Amino acid sequence: MRNLTLKQFKTVQAISSHGKIVSAAKVLGLSPPAVTIQLRQVEEEFQLALFDRTSDGMRPTAAGLAFVETAQAIEERLRLLEDKMDAIKGVRIGSLRLGVVSTAKYFAPRLMAGFMKEHPDIDMRLAIGNRAETIDSLKNHDIDIALMGRPAREVPVRASVFGDHPLVIIAPPDHPLASVREISKERIAEEHFLIREPGSGTRISLEIFLSDVPGRIDDLGVEMGSNETIKQAVMAGLGIAFISAHTIAAETEAGRLVILDVVGMPIRRQWFSVMRSDHAISPAMATFHDFLMRKGAMYLPLFGKLYPHEGPNIGGRAS
């Protein structure tokens, strides 16, 4: 393996990402034959095929996946080295790639602005995706830190709580239950729900909440691809929704949505800062993590009436 070069690692990464020799060559600025030679040299080094050649393109074998994972780790370490060298030269403290689940996009820009105001020398980039996409980004070393409602289990991580994450049930203002107090779980379960895709944090929490209502989660509701679509559908009267309270601040203040007073609501969850436990912590990552622990909760939308003044930490009742 001493004969392997960084160029070969980048070549295999490019083939894996783009699926074709021609596409990888274009990205790398090489000719397709040059890319083929690089790949052949690596395969000869290991005496293993790194890709299956199919009609749909190049698909990584088990050996190929292992090689790409190592290539990603090397790229990560090189970026960390660059940050350290820049810090020594006094150019900048470093860079940070922040990934957030779509629910967090409602506060992430303000949080970023607050952080960058304190640390203008850190180059920061934001990636927004659903839970599965954000976890994939962690897996692939595409982001340094993720903000999400539940820490990923698919990859080794260290997770830290930085704020409260209340989940509520919303309806249009003219809904028959809008003025009803202490709505029972059985009564709210009769309503037509608009829900997120399987695997999303809010959907899993709704399934848990309704799990003791016989047969209810077998037909949970109509799936919609984003919180924005769900909010618009609720305002149009197509149903009610279980959603993060942090996504509806503007609509509730404007009177376009109301939070229903359901017994056992809001569900109190938490926001986590998540990073790979096998990821080398850069100075920029450490600085951002410290900022989150000290000030992260300040940037979350406030819902002072959501929780009673007294009660358990895991739930409550809207007032």
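Visitor: What makes E207 and R203 a salt bridge?

Guide: Their closest N and O atoms are 3.3 Å apart. A salt bridge is a side-chain nitrogen of Lys or Arg within 4 Å of a carboxyl oxygen of Asp or Glu, so the pair qualifies. Keep in mind that this is a predicted model, where local features need pLDDT of at least 70, side-chain atom pairs count only at pLDDT 80 or more, and totals for chains, interfaces and linings use all residues. Residues are numbered from 1 along each chain as its sequence is written, and side-chain values use heavy atoms, with hydrogens and water left out.

Visitor: Why can E207 and R203 face each other in helix α8?

Guide: They sit 4 residues apart in α8 (residues 201-210), so about one helical turn separates them. An α-helix has 3.6 residues a turn, so residues three or four places apart point the same way. Helices here are DSSP runs (H or I, at least four residues) and strands likewise (E, at least two), numbered from the N terminus.

Visitor: Why is R203 called buried, and what is E207 called?

Guide: Buried means under 20% relative accessible area, exposed over 50%, and partly exposed in between (1.4 Å probe, protein chains only). R203 comes out at 12%, so it is buried. E207 has 28% relative accessibility, so it counts as partly exposed.

Visitor: What do you call R276 and D278, buried or partly exposed?

Guide: R276 has a relative accessible area of 5%, so it is buried. D278, at 44%, counts as partly exposed. Their side chains meet in a salt bridge at 2.8 Å, N to O.

Visitor: How many salt bridges does a search of the whole structure find?

Guide: The search finds 19. There is also a network of salt bridges linking E118, D290, R294 and K295.

Visitor: What makes β3 and β4 a strand pair?

Guide: Two strands pair if DSSP finds at least two bridges between them. β3 (residues 94-101) and β4 (residues 122-129) are joined by 8 bridges and run parallel, so they pair. L96 stands opposite M124 in β4.

Visitor: Which unit do β3, helix α5 and β4 make?

Guide: They make a right-handed β-α-β unit, with α5 spanning residues 108-118. Right-handed means that, with the strands pointing away from the viewer, the path from the first strand over the helix to the second runs clockwise.

Visitor: How do you know that the buried residues of α5 line one face of the helix?

Guide: In α5, A108, L111, M112, G114 and F115 are buried. Seen down the axis, they fall within an arc of 160°, so they line one face; the arc is that of the directions from the helix axis to the C-beta atoms. These buried residues pack against β3, β4, β6 (157-171) and α11 (283-295).

Methods
Contact = heavy atoms within 4.5 Å.
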